[in-house]
Amino acid sequence: MTQTSPATPDPASRPAARKHTALPKARTLIEALPWLTRHHGKTVVIKFGGNAMVDEELKAAFAQDVVFLRHAGLRPVVVHGGGPQISAQLDKLGLVSEFKAGLRVTSPEAMDVVRMVLAGQVQRELVGLLNQHGPLAVGLTGEDAHTMTATKRWADVDGERVDIGRVGEITRIEPGAVRALLDDGRIPVVSSIARSADDGHVYNINADTAAAALAAALGAETLMVLTDVEGLYADWPDSDEVISQLTASELEKLLPELASGMVPKMEGCLHAVRNGVTTARVLDGRVQHSILLEIFTDEGIGTMIVPDPDATAQDDEGEDQ
């Protein structure tokens with residue numbers, strides 16, 4: 001018996017391709033491809049704070065973002081403080097919360113509370129949230145492996161030098177322990193406490209300052225600072241227009257005019273980009289998944305600080321030599 005080939009169906013008679021409901025998801029993923037390529041293998045230091053630190057949904061979204069970065073091939077490091085939690089615990093114990101020049105006056109008794117809250121409460125909760133997605137996060141403080149070393153910091157109040165207790169100024173970062181964790185595929189979660197360089201004490205460090213110093217020491221690609229505002233405003237309170245990008249020199253000129261709460265954040269950003277970090281970004285932590293929106297889309301949602309063009313040119317020349 002002679003076999004015959006099946007008839008080739010008429011193309012016009014074929015059914016139209018189905019419209020897949022998941023197609024928009026695929027488009028979103030493809031849109032992120034250039035950013036995934038650009039940031040792959042790069043270290044990103046994220047300062048966790050503000051409303052994102054106390055709102056349950058925002059905390060969960062933050063943990064998802066950080067784990068996403070890790071699985072997307074980036075090397076995230078989280079640095080945190082814990083102002084609201086420290087104040088609440090001090091109140092419970094009947095210890096007064098006092099601030100001078102925007103810094104918490106930290107007595108030896110208050111320092112014990114700071115240490116306990118940061119390393120024993122805030123860090124543990126954040127590590128737990130991250131580790132819901134796998135064995136990823138490891139907590140440490142600036143005391144561990146001499147990661148952060150500090151000397152006593154004094155406040156300037158109306159031109160007078162004022163003692164504010166166990167508040168420190170970072171003098172040295174030893175990033176070896178953090179690098180080892182990153183190389184092992186972990187997510188380091190660092191509490192902003194430092195060992196003393198000279199008097200045997202432990203010091204409370206502003207978390208914005210700690211994150212910036214660690215980002216510079218790690219040679220991070222990006223420093224991201226979560227805040228409770230949309231970014232740096234061009235003419236607050238007369239305008240709510242956010243400055244999308246500015247250079248280090250432009251930021252330095254603005255510093256004297258900024259609200260006290262923004263000063264340590266922007267000083268940290270300035271320090272980072274002047275010490276090898278490619279960009280520093282201030283983001284609105286009240287927006288869910290703000291980290292992913294900033295890194296993987298065209299529409300940044302905060303303020304980005306970049307080095308001065310002449311500094312970048314000098315760096316390039318140095319690399320060529």
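This is a predicted model: local features need pLDDT of at least 70, side-chain atom pairs count only at pLDDT 80 or more; totals for chains, interfaces and linings use all residues.

Which residue just after H4 takes a positive phi, and of about what value? Please then describe how H4 is placed in the structure.

Analyst: The residue is Gly-94, which follows just after H4 and has a positive phi of about 75°.

Helix H4 covers residues 83–92. Its buried residues are Gln-85, Ile-86, Ser-87, Gln-89 and Leu-90. These buried residues pack against two elements, strand S4 (103–104) and H5.

The packing with H5 can be described in some detail. Two packed helices are described by the angle between their axes and the distance between the axes. For H4 and H5, the axes come within 9 Å and cross at roughly 125°. The crossing of H4 past H5 is right-handed. On the H4 side, the contact is made by Gln-85, Ile-86, Gln-89 and Leu-90. On the H5 side, Ala-110, Val-113, Val-114, Met-116, Val-117, Leu-118, Gln-121 and Val-122 take part.

The largest nonpolar core of the protein has 42 residues, and Phe-62, Leu-130 and Phe-296 have the most contacts inside it. H4 and H5 (108–130) are among the elements that give two or more residues to this core, as are strand S1 (43–48), helix H3 (56–71), strand S8 (187–191), strand S11 (222–227) and helix H10 (290–296). The largest share, eleven residues, comes from H5.

Neighbours within four places in sequence aside, Phe-62 is in contact with Ile-46, Phe-48, Val-78, Leu-126, Leu-226 and Ile-291. Apart from this core lies another, of 41 residues, including Val-45, Val-79, Leu-182 and Val-277.

As for the protein as a whole, its secondary structure comes to eleven helices and 14 strands. Buried residues make up 44% of its 321 residues. Among contacts with a separation of 6 or more, 73% are between residues 24 or more positions apart.

Conventions
Residues are numbered from 1 along each chain as its sequence is written. Side-chain values use heavy atoms; hydrogens and water are left out. A nonpolar core is a set of buried Ala, Val, Leu, Ile, Met, Phe, Trp, Tyr and Cys residues joined through side-chain atoms within 4.5 Å. Buried means under 20% relative accessible area, exposed over 50%, partly exposed in between (1.4 Å probe, protein chains only). Helices (H or I, at least four residues) and strands (E, at least two) are DSSP runs, numbered from the N terminus. Contact means heavy atoms within 4.5 Å. Axes are lines fitted to C-alpha atoms, for helices over the stretch in contact, and angles run from 0 to 180 degrees between N-to-C directions. A crossing is left-handed if the near helix is turned anticlockwise from the far one by less than a right angle, and right-handed if clockwise.
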